[in-house]
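Please walk me through this structure, chain by chain, in plain terms. I would like the local geometry, the strand pairing and the contact between the chains explained.

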Amino acid sequence: MRKTRIGKLSAVNIALPGLRAVCLLLILLPMVVQAETPQEKGLAIAEEADRRDTGWQSQTASLKMVLRNRHGQESVRHIRNKALEVDGDGDKSLNIFDNPRDIKGTAFLSYTHALKPDEQWLYLPALKRVKRISSNNKSGPFMGSEFAYEDFTSQEVEKYSYQYIRDEILDGRDTFVIERYPVYQHSGYTRLLTWLDKGMYQPLKVEFYDRKKSLLKTLTLSDYQQYLGQYWRPNQMRMVNHQTKKSTDLYWTDYHLKTGLSTRDFDRNSLKRAR
Amino acid sequence: MIYHLLTALLCAILTGGMLPAGAGEGEWSGYVSSEYRAFLYKPADRLQHGNNFSLAVQPEYYYGWDDGRESFTFVPFLRWDQNDSERSHVDIRELTWLKATDNWELRVGIRKLFWGVTESQHLVDIINQTDLVEAPDGEEKFGQPMLNLALIRDWATFDLFILPYFRERSFPGVDGRLRFVLPIDTDNARYESSRQERNIDYAVRWESSIGAWDMGLSYFNGTSREPRFEIRPDGQALIPVYDLIEQWGLDLQATVGDWLWKAETIHRSGQLEPYIALTTGFEYTFVGIMGSGADFGILSEVLYDERGDNALTLFADDILLGSRLTLNDEQSSELLFGIIVDIDDPGHLLILESSRRLGNAWKITFEARAFLDIPDSDLLTSIHDDDYLQLELARYF
């Protein structure tokens, strides 16, 4: 759930040594410019976005969620987020809830996979119980917010097919407009119309269309900052549900990348002592 | 109890004195709750109380350092009950020092933990004693003094436990509801071990998660957490007898799409005849029902106990049928309904539990239980009149 990343390199490409990767890139780059079909161009953009966001290894961040109902009443959640980049597979993430207080210490561990089902565990501190949960609830609301589980987990390139639509200037910024179509089961969406900043290769806006193909939600990402001279992360994300008129704002702070976290920080034992 | 508290307090001071000042961060949290239980019928025994009010508080202090790889946790618990003096009680739920490295985790102190996967009962979960006065379903546990070393490998975790002190099970008092026909004389509990509650118990557990499977294998050697009962010579009370037992346990869960398949089984010896018990079943979830964000689950479990009706448990040869509604809304509203049916004899138990957050810091919980057609021959026949509705309001901080 750490960020919306557009894609991720396939396992084969990640394993390439540096020189071969550069060669491949030189071959691929012209394709980005003069792709034969909109599908190929869409995929190439997604792969480029993924390539630029590879190598951050691990990340920690704090997250404040502000949920707003149609009457404007607010409720707030505080979550701490840790993520681990996994070579050749989906990322691992651990989310620990600090607020509301009745669920303080509840922790959610997720292993995302490109093609096979994700693995998810929930730790319930009052019962001291680790529960393996079904990962089919992708379209369900995350913590009662307008974000679905699938909006939060890592977005592997293989989880979508792509189509380039057009170039567009959005709020004075050059963007690619591409469409993504979930190929994984249990998605709540039929397509995601995405405005991707040409400089950062990061999304500025996403429109989500539901199973009935009508506009469900709009996500706006803003206040991007660059870390370690490479990786862009948004400080604010705003999701508006057009059907329920509810909205959720996310405020990200304290991003740290390459933190030295290891797989041990993302196992069932770490879940039990998560704070 | 006093001995226990003093030891705990001493540990707290000693451990507290060793905390690296300024190196980490301390934090308080916890809750205060009030509970009202309304009984639908007059008690079976005139000594037993009617409707009841109760208050509980459970603060928690956590001090972590070295990025949480070392920590100290202290969780005392206190309940005051209007009518049942046995239910008014104090406990140390946790008082633990933890150190975690890449290959092992060491925990020293008083702690609560959980083993298992099923919902209706927890056969495999044997480390902590049940605090039965807290909740008649046995879900609440006492803190257990322990030394626990977890050896961690990529493919599995291997846990070793030394349990140097035994906690007696709590039972409702003479005035209390939800008890046997005869009250339990906890002051005269008997032990098989000559060291009584100071017998040194030990346990080992291996657990692993491979693909869709989560599994655990455990072995326990020591004083049984579950007592058997003997009638006191004067015939006016039951005396709990804590035998030395050996128990093997296996728990398995397969997570396949919307299905969770679960099984727990134990083999226990040392408590009269050796026996096997099993709980197995499934939970299926309809995700996002009727286009909403809500999930609706159905669950069913079969409960088998080789001892049959000689087992002093409500769950010998029974079936649980249940449903769970999770709204996934801002208030985390949940509703659980279940019925446990005895296969061999009449007798079922109806359970309703629902909860909802109010604002940001309050939580309201409603619970109802009804005991139907409990046979008169049963030692539990008195709970036939103990159907109740319970409302709990808690403030979290």
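A:Tyr111 lies in strand 4 of chain A. In this predicted model, A:Tyr111 has 22 other C-beta atoms within 10 Å and is therefore buried, since the cut-off for that class is 20 or more. Leaving aside neighbours within four places in sequence, A:Tyr111 is in contact with A:Gly90, A:Lys92, A:Asp118 and A:Glu119. A:Ser154 is 43 residues away from A:Tyr111 along the chain, and the two C-alpha atoms are separated by 9.1 Å.

The loop between strand 3 (92-99) and strand 4 (107-111) of chain A holds A:Pro100. The peptide bond that joins A:Asn99 to A:Pro100 is cis, with omega at about 5°. Further along chain A, the loop between strand 10 (203-210) and strand 11 (215-227) contains A:Lys213. The phi of A:Lys213 is near 70°, which is positive although the residue is not glycine. Most residues other than glycine have a negative phi, and most peptide bonds are trans. A:Lys213 counts as exposed because it has 10 C-beta neighbours inside 10 Å, and the limit for exposed is 12 or fewer.

Helix 3 of chain A covers residues 38-52. The buried residues of helix 3 of chain A are A:Lys41, A:Gly42, A:Leu43, A:Ile45, A:Ala46, A:Glu47, A:Glu48, A:Ala49, A:Asp50 and A:Arg51. An α-helix has 3.6 residues a turn, so residues three or four places apart point the same way.

Confidence is the next topic. The average pLDDT of chain A is 87, and 87% of the residues score at least 70. Over residues 1-17 of chain A, however, the pLDDT is below 50, although this stretch has 49 contacts in the model beyond near neighbours in sequence. Where pLDDT is low, the predicted coordinates should not be read in detail.

The two chains also touch: 23 residues of chain A are in contact with 36 residues of chain B. On the side of chain A that touches chain B, strand 2 (74-84), strand 6 (129-133) and helix 5 (268-272) of chain A each supply at least two residues. By class, that side of chain A has 10 charged, 8 polar and 5 nonpolar residues.

Chain B can be followed through its strands. Strand 3 (residues 70-81) and strand 4 (residues 89-100) of chain B pair in the antiparallel sense over 10 bridges. Strands 4 and 5 of chain B form a hairpin with 3 residues between them. Strands of a sheet pair through backbone hydrogen bonds, either parallel or antiparallel.

Elsewhere in chain B, an open sheet of 3 strands has the order 8-12-11, with mixed pairing. Which strands stand at the edges? Strand 8 and strand 11 (228-231) of chain B do; each has a single partner strand, so one side of each is left without a neighbour in the sheet. Strand 11 of chain B pairs with strand 12 (residues 238-242) of chain B in the antiparallel sense over 4 bridges. In strand 12 of chain B, B:Val241 is the bridge partner of B:Arg228.

Two loop residues of chain B complete the walk. B:Gln196 is in the loop between strand 8 (190-191) and strand 9 (201-210) of chain B. The phi of B:Gln196 is near 50°, a positive value in a residue other than glycine. B:Gln196 counts as partly exposed because it has 13 C-beta neighbours inside 10 Å. B:Leu40 is found in the loop between strand 1 (25-39) and strand 2 (52-65) of chain B. With 11 C-beta neighbours inside 10 Å, B:Leu40 counts as exposed. Leaving aside neighbours within four places in sequence, B:Leu40 is in contact with B:Asp387 and B:Tyr388. B:Gly211 is 171 residues from B:Leu40 along the chain, and their C-alpha atoms are separated by 48 Å.

Terms used. Residues are numbered from 1 along each chain as its sequence is written. Chains are lettered from A and ligands numbered from 1 in the order in which they are written. This is a predicted model: local features need pLDDT of at least 70, side-chain atom pairs count only at pLDDT 80 or more; totals for chains, interfaces and linings use all residues. Two residues are in contact if their C-beta atoms, placed from the backbone, lie within 7 Å. Ala, Val, Leu, Ile, Met, Phe, Trp, Tyr, Cys and Pro count as nonpolar, Asp, Glu, Lys and Arg as charged, and the others, Gly among them, as polar. Two strands pair if DSSP finds at least two bridges between them. pLDDT is the predictor's confidence in each residue, from 0 to 100. The expected span of a helix is 1.5 Å times one less than its number of residues.
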